[in-house]
Amino acid sequence: MKVAPTSDRKDGENSSKNWRIKMLYDGDCPLCMREVNMLKERNKSYGAIKFVDISSKDYSPDDNQGLDYETAMGRIHAILSDGTIVTDVEAFRRLYEEVRLGWVYAVTKYEPVATMANAVYGVWAKYRMQITGRPPLEEIMASRKAAGECKDDKVCKM
């Protein structure tokens with residue numbers, strides 16, 4: 001089912017009443033942003049994805065099924081409109097399906113490809129900070145805490 005695009009939003013985002021899946025992404029990750037920008041562009045035609053930058057000062061775990069910054073930074077998370085949280089390759093597959101690119105990840109629905117794809121993604125998720133030239137998550141968390149951006153050890157704001 002195609003949802004009419006929201007023409008007043010140039011960034012591919014849509015109003016919260018129309019989204020079918022919410023993508024939590026790290027807006028400070030340059031490689032991640034290439035994919036997010038592609039999905040935002042595609043989403044202009046479908047209006048099915050709501051994009052949430054977890055590195056934004058406005059990020060709220062309360063609005064995102066309680067997913068705090070540290071948890072969300074660990075691997076990709078998406079939230080279905082019914083509140084179901086999906087992670088890893090399944091999140092990518094669901095997101096791509098919403099912008100009619102489901103064929104890209106279709107093979108990951110089946111074993112043993114699903115297990116292998118999740119294993120490869122797990123390695124990427126573990127080392128993405130290093131790969132993209134960023135400090136380790138522990139260092140980012142400590143920096144945010146020192147700057148008074150954390151309510152506790154996991155809930156941080158920019």
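Visitor: Let me start with two cysteines: are C29 and C32 buried or exposed?

Guide: In this predicted model, C29 and C32 are both buried. Buried here means a relative accessible area under 20%.

Visitor: Now the aromatic rings, please. How many aromatic pairs does a search of the whole structure find?

Guide: Three. To classify a pair, check the angle between the planes: under 30 degrees counts as stacked, over 60 as edge-to-face. F92 and Y105 are stacked, because their planes lie at 10 degrees, with the ring centres 5.9 Å apart. This pair links distant parts of the chain, since F92 belongs to helix α3 and Y105 to the loop between α3 and α4, 13 residues apart.

Visitor: What kind of aromatic pair do Y96 and Y105 form?

Guide: An edge-to-face one: the planes of Y96 and Y105 are 75 degrees apart, and the distance is 4.9 Å centre to centre. Y96 and Y105 are buried, and F92 is buried too. Taken together, F92, Y96, Y105 and Y121 make up one aromatic cluster.

Visitor: Where does the charged end of K40 sit?

Guide: Over the ring of F51, 5.6 Å from the ring centre. For such a contact, the charged atom has to be within 6 Å of the centre and within 35 degrees of the ring normal.

Visitor: F51 leads me to the nonpolar cores. Which residues touch the most other members of the largest one?

Guide: Think of a core as buried nonpolar residues joined through side-chain contacts. The largest has 23 residues, and M23, L39, I49, F51, I76 and L95 touch the most other members. Two or more residues come from each of β1 (21-25), α1 (30-43), β2 (49-53), β3 (77-80), α3 (88-98) and α4 (113-131). Helix α3 gives the largest share, five residues.

Visitor: What lies apart from this core?

Guide: Another core, of 13 residues, including V52, Y59, M129 and M141.

Methods: Residues are numbered from 1 along each chain as its sequence is written. This is a predicted model: local features need pLDDT of at least 70, side-chain atom pairs count only at pLDDT 80 or more; totals for chains, interfaces and linings use all residues. Side-chain values use heavy atoms; hydrogens and water are left out. A nonpolar core is a set of buried Ala, Val, Leu, Ile, Met, Phe, Trp, Tyr and Cys residues joined through side-chain atoms within 4.5 Å. Buried means under 20% relative accessible area, exposed over 50%, partly exposed in between (1.4 Å probe, protein chains only). Helices (H or I, at least four residues) and strands (E, at least two) are DSSP runs, numbered from the N terminus. Rings of Phe, Tyr and Trp (its six-membered ring) pair if their centres lie within 6.5 Å; planes under 30 degrees apart count as stacked, over 60 as edge-to-face and the rest as tilted.
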